[in-house]
Each structure stands twice: as structure tokens, then as C-alpha cells.
Amino acid sequence: MATSEAVLQVIGGSQRSLFGSDHSFRKFGSSHICRSFIRYRKKRVPKYVNFLNCSNTSYRAIKVDPFLKTRQPVHGNIAQSYLRSANCKCQRADSVSSTASENGTGTWFVDNDQSFDAVHGNTPSVLQFETVEELKVGEEDFQSNGNLPPNGSVQDALNKIAENSIEDEAWELLRESMVYYCGSPVGTIAAHDPTSSNVGVLNYDQVFIRDFVPSGIAFLLKGEYEIVRNFILHTLQLQSWEKTMDCHSPGQGLMPASFKVRTVPLDGDDSATEEVLDPDFGEAAIGRVAPVDSGLWWIILLRAYGKSSGDLSVQERIDVQTGIKMILRLCLADGFDMFPTLLVTDGSCMIDRRMGIHGHPLEIQALFHSALLCAREMLAPEDGSADLIRALNNRLVALSFHIREYYWIDMKKLNEIYRYKTEEYSYDAVNKFNIYPDQISPWLVEWMPNKGGYLIGNLQPAHMDFRFFSLGNLWSIVCSLTTDDQSHAILDLVEAKWADLVADMPFKICYPALEGQEWQIITGCDPKNTPWSYHNGGAWPTLLWQLAVASIKMNRPEIAAKAVEVAEKRISRDKWPEYYDTKKARFVGKQARLFQTWSIAGYLVAKLLLANPSAAKILITQEDSELLNAFSCAVSSNPRRKRGPKSSQKTYIV
């Protein structure tokens, strides 16, 4: 016991008063002091960490393994047992616990119901083994010669403990956000803020398709496939729902923005109830905008599930194949639009409020390109799919050329636009979209680095949206919508403009913010989208996982690792907010929900991918040789060539 107290004294140092004042220490007394929790403060961040068993007695700790379904959460000053749910009568939480103890020979024991999976990183203790061994060495050194262990090694060990405790808390919160339908997990709610009473009113208690994607990826990377499989199949059943808005039905193949599990009485029997999935296609959403990105994310997650689990039977099912085709036909349908990009309304994606992104926003084009590649990979070869695959391939080539040629901007391209001639009428016009050079804002001239570039946010006749939109640029790297040179240039820009895009909390959703009269006109004086808040230049921690995938693909993971390190300084202390305000992301968003699920999941996915970069392949798509050759032909033939008004072959305007 003397040894245990000595080790505790070494680790505690000048913060002995913190240990003495902690409730858990007063509760268990001196004989159990080393088997309780230490409240460890680093930069004023309260962290509860498991400590070593310093006796031969087995002890079941309060906070169990982060990968279990039921846990005793401790965050902030809360130290009580509760389980977040989504008003689901059939929700179940399998109570599984593990006991890790050390006997006199140093052998670790784990309960039989806790699997040990070295591949996916499932471990029986909050502490990593190397951290445990590091502390053991310090204790043995003290026992042998009475010398204190080096301060550096102890501090490193404590840093590892603090880092692990953030991940533990994140897993705890993610699991508690799970929603159950008839006893099976089907998703995670958007947020569960115990300090807010209007979460349900603002639909944060629903399962959003786009919000669940990082949660689903986190579960896949942990080898937990059931919830993702259930999510895919249950949301598939919600396509082409009979609900209408102003007597208008959703287009066939449209996926809902979100759904909620509701318990309703059975017809004719008020004493019996049943569970139903209640979807929202936008008829109840703020602004009444249908989601364009839900179906695209659904296809991307379906491919990731197959690649991660090896279970291709889901994507081969007839109903799933039909669902893929319905989404593709909806996106590839002919209309009045003359461009290969997807025409959408404002607020139809992650930026779900009026922000001037109507037309052909980059985010949708990147997701569209990614979904086309994923769908082509999964579609079963059959006669009924031949025409669809042909149209898909044609669209991929035209879309790639259009984005790479006309959306790309760097110092060279900016100088070309600066010297544009306008009012050109001809087939070989240089300024195809009649862009006026005066559209180049002074901020862009000063902001554009000499090395680096990016894809602009939008392109329409006489209009180029020069704002940097993070998700569109990052996902363009992931899905190979940009060339390798362009992909590296985007990451070069991120590094060059780190103080603007990352600052105190990654990652800016767009840059710069709309201000002044421009904000008033474009957003309609939106009080939530004030400058440097929410979608108008706010910082969203969930974007960490897209940054991680893009960085890993280009073999530059240090960029994402640096951003994760920045996030870890605050995100847990701030209770996992939805977004951050101000230009440097110094404040938690004034209307941000706390314990936002995709902020939690985005952090976890980034950590998991950085620990195992090869796992990113489930999200990355590459151009195959066929598409690359077709694209090369399109580039080699002069895009400004003179063309007659008639053509016997159907083409896309690029």
C-alpha cells in the first residue's frame, strides 16, 4: 500500500489537492484510493480517467470499456448513470460489463462477454497497454532505488490517458445516441443536449441521413455492422413516401432528410401500440426544402458497408438495386439545365438555410460524382442496367471535365479571369459564362496564396461564387473529382490559410462570411446565419473526418492529425457543440446544440482513420482507366473548338 500511495504522490505532484477533494476519493477511502477515478485537470479540462489497480484485489470500475453498449457517463460535472434515447419504446441496451484486474503476476483478466479484437482496436481497458507499462516502469524504478520517475515520462503517460479519455467519452456519447426500432438499432439522433428543452421541437431528436454517415463510418471502422445494415435497409423503405407538401409528392427515388421512430396505437385497439418510421422529406423542415444529398450519402454509405464488412449480399438485394437505380434516374433525368452538374435549390444540403448556393453548388457536385462512381461499382450487370450505366459513364466524364476546367481557381486562373473579355458570342468563346472581372473581390486578391488553389463554390451564367466551401473541396479530393495536382493544391491552401480555416477549432464550413448588405440580401437577414456563425463562416468539428480522409488519400495525414490535436484542446470541455462562432472559432455557437452526434462521430472517425490509414479505402473512389481515357480525349480535343449547331451524337456542353 505504501508503494501505491507513493506512485499516486508522484503522479499527483502539485495537484494533490484535486485528488483529495474529488468525491470518488472521499467515497472509497484510502484503502481504495488507487482503484477509483482520478479527476485529472489539464488546461482546465475535467477528465475522469481510470487508474491502475495497485493491489491484487479485482475491482469492477464504474466507467467500463468504451466499446460496450451501456456505460456510466461522466462529462462536465455530471457523474450519474443515464442513457440517451429517441423516444423509442423498443429501445434496448444490453448491459455488458468488463472487469480488468491485475494479479500478482501481472496478468490481465477480461470478462468472457467482452471480446478482444486486436484488428479493430477493441481493448479491455481505458488505458492503452503501453501507457500502463509506462506507469509500471516508473513504479518499479521507485521501488528499486527510491528515485522518482522522470517527469517527462509521467507527463507523457498522463497526456495519453487524457487523450484516451476524450475518445472514451466520445464513444460513450455516440452509443447513447443510438435509436432502436423494434429492438434493433437503426441510427443515431442528431443531438441530445440535456441542458436544452427544445431539442425535439427543432427535430434534433430525429435520425438524419447525412448526420448518420460519420456515425455509421465510426461503427464500421469498429467492426460493428448491424446498425449500419439496419439503417440502410430501413431508410430504403422510406423512398417515394406518400406524404405530400401542398399537394405535391416527392420525386420517385428521393430519400428523406430524416426520420423518427414513433409509437402509435394499433387501429381498433387503443390498448396496443406499434412502432412506425415517420420520415421527413422537407415538408416539415425549416424552409420546406427537399434534401438533394440524402440519396447520394446513402449510396456512399452502402458501398462503405460492403467494403468494410465484406457482406455484398445487401447491395446485391433486388430492393437495394432498385433503390440505387431510382436515385440515379432522379439525378440523371433530363431537364432544362444544360450543364452536367446537378441543379439544386438553396438549402438542399448540409448548408440547409438560405446562403446563396442555389444553382450548382460544389458540395452537391462532389457528392454526385462520388455517388455515381459508387453506384457504378455496385450495380449488377444486367440488360436493364445497360442504358443507365451508359448514361452514368457519360455524365461522369462530362462532370469531371466541367468541374476541373471551370470551377478551379488559383493565381494563374485568377489572372485569366481578371483579363476576361465579356459579351463574347461564338462557339469558341473563352469567357463561356460571361463572367465580369469586377466580380473578383478584394478579399480574394489578398487571400489567394501563391502556392495552392481550390474549387469555387458555384458557377452560373455571369456569376462565380469565389467562396471556399470546405466539404465540397475535401470530398472532391476523396472521390477523385479533382486531379492529383489539384488535390495537393487544395491541401497546400489549407496549410497556407490554417489561421483562417482551422484557427482555434477546425473546420470552417466556408470562407469568408457574408457581411453587411451582402449578408442582408443573400441570407434575408437570417439571425442564425450572422457573420462567422452557423453556415455563414462557422466552424464545424464534424468536418474533421472529411479532412482526415482527404489527407490520408494524398498521403499527407499530418494535416488532419494537426487539426485533431487542435480540436482535442477544447471540444470535450465545450461539451461537443454543433458549431463554433467568430472568425477564429473562439466561442461556442450561440445557438449551437451541445452533444451534437456528428461532431462526436466526426472526431472519432478522424482518430480511427489516423490510427489505421488503410481503412480509408472504404470511402475513397478512384478513376478507372476507362473513364480516365475518356476524360483525356475530352481534354485533348480543344474544348473551345468551333461547333456547328447540329450534331448527330448526343453530347454534354462542357
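In this predicted model, helix H8 (residues 293-309) packs with helix H10 (residues 318-332) at an angle of about 140°, and the two axes lie 10 Å apart. That angle makes H8 oblique to H10, since only angles over 145 degrees count as roughly antiparallel. The crossing of H8 past H10 is left-handed. On the H8 side, the residues that meet H10 are Gly295, Leu296, Trp298, Ile299 and Leu302, and their counterparts in H10 are Val320, Ile324, Ile327 and Cys331. Sorted by class, this contact of H8 with H10 holds eight nonpolar residues and one polar residue, with no charged residues.

Attention can now turn to the sheets. Strands of a sheet pair through backbone hydrogen bonds, either parallel or antiparallel. Strand E8 (residues 258-266) runs antiparallel to E9 and is joined to E9 by nine bridges. Among the paired residues, Leu266 has Asp269 in E9 as its bridge partner.

A further open sheet contains four strands, arranged as E10-E11-E12-E13 and again paired in the antiparallel sense. Here strand E10 (408-409) and strand E13 (510-511) take the edge positions, and because each has a single partner strand, one side of each has no neighbour in the sheet. E10 pairs with strand E11 (residues 454-460) over two bridges, in the antiparallel sense, and Trp408 stands opposite Leu455 in E11. A helix also joins the picture: helix H12 (residues 386-407) packs on this sheet and touches E10, E11 and strand E12 (463-469). The direction of H12 makes about 100° with that of E11.

Two stretches call for a separate word. Over residues 1-146, pLDDT stays under 50, and the model has 278 contacts beyond four places in sequence for this stretch.

How values were computed. Residues numbered from 1 in each chain as written. Predicted model: local features only at pLDDT ≥ 70, side-chain atom pairs only at ≥ 80, totals over all residues. Heavy atoms only, no water. Axes fitted to C-alpha atoms, helices over the stretch in contact; angles between N-to-C directions. Parallel < 35°, antiparallel > 145°, perpendicular 65-115°, else oblique. Left-handed = near helix turned anticlockwise from the far one by under 90°. Contact = heavy atoms within 4.5 Å. Nonpolar A, V, L, I, M, F, W, Y, C, P; charged D, E, K, R; others polar. Pairing = 2+ DSSP bridges. pLDDT = per-residue confidence, 0-100.
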